[in-house]
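Biologist: Can you put the model up and walk me through it?

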Amino acid sequence: MDLDNIDAVDAHYRAHIGGEPQYMRFVDAPGTIGVLEWPKGSSRLPVHIYATLGLHALIHGMLAREHGFELFTGVSSGTDAFRSAFAVMANDLVSDGTFVEPGHLVTAEDGCIIDGLPFKSWLMLERTDDFIPPLPLENGNHVVFLDATPVFAEEADYLKVHGLAGLFGLWEEERPRLSDLGRTLPRALERS
């Protein structure tokens, strides 16, 4: 793993999120990634932030793509269960050698993705507001940062039929706060 690139990603996060993150390694074994955590109020953002550190180096190395990716998510309140679910999902991507892009779903085979919450999938989204812009690396590659958003099974099914544009259209009608882990299923999906 290229530690210079890991340091560059870490510095990029700090420049765009601010504050001092807490660092956790999910398991202390080769080929695992770390998770950075900014508790609500510790950065310039009004949410609790989690972000992977090292994912781009492990997946990029396996797939020889010109870019790697890191994942982040912002939620209304952080919990140990959420942090653990986020870390498990990211480490499973490494174990499976999965390269994700915007619109990719990571779905729980049975049960929910986060203990105690009704979400069944993580949806990878590319933010249009340049919240964390792509990071060019010295070796000519770059890292993109995808927002791993928890979604309901019905939202994941809707995405499969109507695509990202369709799901965004549905969300545009009701404007759910995706960072709210207590949010409810959009009314349009409750009716169908």
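Modeller: We can go through confidence, the fold, the surface and the pockets.

Biologist: What kind of model is this, and how are residues numbered?

Modeller: This is a predicted model, in which local features need pLDDT of at least 70, side-chain atom pairs count only at pLDDT 80 or more, and totals for chains, interfaces and linings use all residues. Residues are numbered from 1 along each chain as its sequence is written, and side-chain values use heavy atoms, with hydrogens and water left out.

Biologist: What is the mean pLDDT of the protein?

Modeller: The mean is 86, and 89% of the residues reach 70 or more. pLDDT is the predictor's confidence in each residue, from 0 to 100.

Biologist: Which elements have the lowest and the highest mean pLDDT?

Modeller: Helix α2 (residues 55-63) has the lowest, 63, and strand β6 (residues 121-125) the highest, 96. Where pLDDT is low, the predicted coordinates should not be read in detail.

Biologist: How many helices and strands are there?

Modeller: The protein has 5 helices and 8 strands. Both are DSSP runs numbered from the N terminus: helices are H or I with at least four residues, strands are E with at least two. From the N terminus the order is α-β-β-β-α-β-α-β-β-β-β-α-α.

Biologist: How much of it counts as buried?

Modeller: Of the 192 residues, 48% do. Buried means under 20% relative accessible area, with a 1.4 Å probe and protein chains only.

Biologist: On to pockets. What volume does the largest one have?

Modeller: The largest pocket has about 680 Å³. A pocket is an open set of points on a 1 Å grid over the protein atoms alone, where a 1.4 Å probe fits, with protein on both sides within 12 Å along at least five of seven lines; lining residues have an atom within 4 Å of a point. The volume is the space filled by probe spheres set on the points, which are joined across faces, edges and corners.

Biologist: What lines it?

Modeller: There are 25 lining residues, and L125, R127, D147, P176 and L178 lie nearest the centre. β8 gives the most, 4 residues.

Biologist: And the second largest pocket, how much space is in that?

Modeller: About 330 Å³. It has 17 lining residues, with V88, M89, D92, V106 and T107 closest to the centre. Two or more residues each come from α3 (80-96) and β5 (105-107).

Biologist: Which of its elements gives the largest share?

Modeller: α3 does, with 7 residues.

Definitions and conventions. Buried < 20%, exposed > 50% of the residue type's maximum accessible area, 1.4 Å probe, protein only.
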